[in-house]
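I opened this model to look up a few side chains and their pairings, and I note below what I found.

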Amino acid sequence: MSFLDRFALWLGRMTAWCFAAIVLIMVYEVAARYGFNAPTTWAHEVSILLASIGFVIGGAFCMAERTHMRISLLVDRRPRLARFSEALGLVAGAIYLGGLSYAAWRMAEKALWRFSLSGAWDPERSGSTLNSPLPGYLKALLFVGCVLFLLLILRRMLPLQNRWRLR
């Protein structure tokens, strides 16, 4: 197992705790809102941030763990097509994630590299009551998650290159 796989597995296990934190935050929000008539302004946005972290890192985690979802129609009916199916899925994933990484980079760049008229850094904001800069950070996180997933796919393609070499 490579360093990249171990890193993705560790990161996935750490971000899985985000969902437990969401449950605690929502319990607190419900108790504050209905029990004490004092709703929070931050609970919704923090929950979105934590869920986004979990979902963005989840794809790379599943790829490192080799549990990523597959459509196994070809393999179930024709077991000899297993290698072809794996290669096709990896190539399609690499093309998709390459494009998504590029698009995520463009979105993150526009969301984070913003400055006000006074010259102060002013990343994209949510526009809600809290008006936090989380949308800009989430776009950057999407880029990082896509690149990590893409690197794992490319790493998984290296052994296939030797098996499918044209002679």
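**Surface and salt bridges**

I looked up Met14 and found it partly exposed, with a relative accessible area of 42% (buried means under 20%, exposed over 50%, partly exposed in between, with a 1.4 Å probe and protein chains only). The model is predicted, so local features need pLDDT of at least 70 and side-chain atom pairs count only at pLDDT 80 or more, while totals for chains, interfaces and linings use all residues. Residues are numbered from 1 along each chain as its sequence is written, and side-chain values use heavy atoms, with hydrogens and water left out.

Met14 lies in helix α1 (residues 3-15), helices being DSSP runs of H or I with at least four residues, numbered from the N terminus.

I then turned to salt bridges, in which a side-chain nitrogen of Lys or Arg is within 4 Å of a carboxyl oxygen of Asp or Glu; the structure holds five. One of them joins the side chains of Arg156 and Asp5 at 3.4 Å, N to O. Because Arg156 lies in helix α6 and Asp5 in helix α1, this pair ties together parts that are 151 residues apart in sequence. Are these two partners buried or exposed? Arg156 is buried at 6% relative accessibility, and Asp5 is buried as well, at 4%. I also noted that Asp5, Arg155 and Arg156 are linked in a network of salt bridges.

Another salt bridge, 3.0 Å from N to O, is formed by Glu124 and Lys139. Glu124 is partly exposed, with a relative accessible area of 21%, and Lys139 is partly exposed at 22%.

Definitions and conventions: Helices (H or I, at least four residues) and strands (E, at least two) are DSSP runs, numbered from the N terminus.
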